[in-house]
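Let us walk through this structure together, one element at a time. Have the sequence at hand as you read.

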Amino acid sequence: MKNICIQLFRRIKYTKAFIKTLIVFLLISVTTILSGVAQMNEYTLNEFSGSFDTCTMFSTIIIIAFVSLTSGAEFKNKTIYYAIMNGYSRKEVFIGKFIGFLPYVISLSIVQCVILYSVFAFITPDTFYDTYVDNVILNSLAFTVTYISYSILSLSFCFITRSAIGGIGGSLIIMIAFNIMFFLLNLTGIKLFSFELSHLFGMFLFRFLLENTTDSIFQISSVFLYTFLSVCYLLTGYIIFRKEDLI
């Protein structure tokens, strides 16, 4: 499994896939966040929410594309097939790729959180240090787990469809399904603890994480939900990949 991870690191380094992804990720994060700040009449979270939704939506798609294109290229170049032919089990290959992508996805999430909270600390220092600073780590963890869940989702779809298009397309379909679920749950008004259950689904999750920064129960619920989804995606991808005929 260690060698599988090393092979992935070498491929990403050789193709400069992460560098390209990081540049695009930074451009999207910085431009959308700063444009949102520039359009504020008052420095409040409500006025910033629209731009932040745009930022996290494109950031999620970038992460999905990074994982899908890299994994899809391995199937196209038959790297996966050669690894299995050389004696690696399908479990080692699948879990090895998952572990290999983790540091890249975590790094992207940390970069965005640093940018976001740096901007908040600069434009609203009093509010930031009085309200947000105590829960920055927990909120950032919720952000990170959510991004990881989408990276695992795209990885699983890549292994199921054996293509980058399948990874991207399947993940986008799930994203759309989550937004539909968000809409339907919003109609029901179902609540868990003191917040609406609908807030946990769809691309608006990041906004609600930010707006409910001081609500640790909401942050922890988000972490547990998307950790559970990550495990489900991982198991589903592996089980289907294990039974596939690779010939």
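In which helix is phenylalanine 208 found? The answer is α9, residues 205-211, where helices are DSSP runs (H or I, at least four residues) numbered from the N terminus. Before going further, note that this is a predicted model, in which local features need pLDDT of at least 70 and side-chain atom pairs count only at pLDDT 80 or more, while totals for chains, interfaces and linings use all residues. Residues are numbered from 1 along each chain as its sequence is written, and side-chain values use heavy atoms, with hydrogens and water left out.

With a relative accessible area of 10%, phenylalanine 208 is buried (under 20%, with exposed over 50% and partly exposed in between, for a 1.4 Å probe and protein chains only). Setting aside neighbours within four places in sequence, phenylalanine 208 is in contact with Phe182, His199 and Phe218 (heavy atoms within 4.5 Å).

Serine 68 sits in helix α3, residues 45-76. Serine 68 is also buried, because its relative accessibility is 0%. Beyond four places in sequence, its contacts are Ser154, Cys158, Ala164, Gly167 and Ile168.

Now turn to α5, residues 90-123. Its 34 residues reach 50 Å from first C-alpha to last, close to the 50 Å expected at 1.5 Å a residue (1.5 Å times one less than the number of residues). Even so, α5 has a kink of about 30° at leucine 102, shortly before proline 103 (the angle between axes fitted to the seven residues ending there and the seven starting there).

Note on methods:
Helix = DSSP H or I, 4+ residues; strand = E, 2+ residues; numbered from the N terminus.
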